[in-house]
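Please look over the sequence and the 3D structure shown here before reading the notes below.

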Amino acid sequence: MNRELTRKGILFVLMGPTGSGKSTFCERLIAEFPEELSYSTSATSRPPRASEVAGKSYHFLSREEFIARREKGDFFEWEETHGNLYGTLQETLVTGIQTGKDLLFQIDIRGALNFKKHFPDNTVTIFIVPPSFKDLKERLQGRGTVCEAELQRRFVTAQDEYEALLRLHGQTSAVDYLVVNKKLDQTYEEVRAIVMAERARYHRIDKDSVEQFCEVRV
Ligand code: ADP
Ligand code: 5GP
């Protein structure tokens, strides 16, 4: 008999300022665990970066299309950041959950709190910070995908995210993990360990599936 533990899917939400490493860790996790994890592609009204793939990095919509879909109730959640609209489509969430895999999200702190509110037992939030602002700046410049004015706007948003992070300190159901992204490989191991540990949390595992393993025959 093929015995397996079953449980409801987990929503892993990676947050942190632009350039903190969210995409890098999402890509590595998906590459390492294609059967276990799937990426929830958000929609945005911002234009694609050169390296981005439509439908994979984001569903790129015009601002008008985004607003029309938002008014139709197509979004589970949405926010405006750096003057652009970003959101999780209901359809993406439902399809993702139906795959039976755990889902990875890369969204801002307000969006993450929305998930925590709706799915408190199944949402795991991980906030990633760069070791310093200087590192963040260098990494963003190294990525080379945004102009100076855009960089400045993103730094203002980063400051807002840090303030929100500090306000949430002490709340048990907001930010679950804080990870400092110094050395890439080491930080990936840390993020990976969180994902692995959360997948083994007993309270999410279906009791029926545990029973199969608890049979004692003498
Ligand atoms: P985000 O998705 O949070 O905006 P990215 O994953 O795109 O951030 O990372 C921004 C840039 O920083 C990328 O070019 C990435 O390769 C680089 N990077 C990420 N983590 C590290 C690290 N620990 N050391 C050096 N560079 C890093
Ligand atoms: P970027 O333009 O760098 O890809 O993303 C800017 C910000 O928007 C990041 O903080 C990112 O996490 C956030 N974001 C991306 N998709 C979503 C989403 O679907 N919902 C919310 N609330 N934020 C998102």
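Predicted model: local features only at pLDDT ≥ 70, side-chain atom pairs only at ≥ 80, totals over all residues.

Residues are numbered from 1 along each chain as its sequence is written, chains are lettered from A and ligands numbered from 1 in the order in which they are written, and side-chain values use heavy atoms, with hydrogens and water left out.

**Ligand 2 and its shell**

- Around ligand 2 there are 17 residues, of which Ser42, Arg46, Tyr58, Glu77 and Tyr86 are the closest, where a residue counts as near if one of its heavy atoms lies within 4 Å.
- Strand β6 (84-89) and strand β5 (75-81) each give at least two residues to this shell, and the largest share, 3 residues, comes from β6; strands are DSSP runs of E with at least two residues, and helices are runs of H or I with at least four, numbered from the N terminus.

**Polar atoms beside ligand 2**

- An oxygen atom of ligand 2 is 2.5 Å from an N or O atom in the side chain of Tyr86, and an oxygen atom of ligand 2 is 2.6 Å from such an atom in the side chain of Arg46.
- A nitrogen atom of ligand 2 lies 2.9 Å from a polar side-chain atom of Asp108.

**Glu198**

- Glu198 belongs to helix α7, which covers residues 184-199.
- With a relative accessible area of 4%, Glu198 is buried, a word that means under 20%, whereas exposed means over 50% and partly exposed lies in between (1.4 Å probe, protein chains only).
- Leaving out residues up to four places away in sequence, Glu198 touches Ile10, Phe12, Val124, Tyr177 and Arg204, contact being heavy atoms within 4.5 Å.

Definitions and conventions: Polar contact = N/O pair within 3.5 Å; in protein donor to acceptor, adjacent residues only side chain to side chain.
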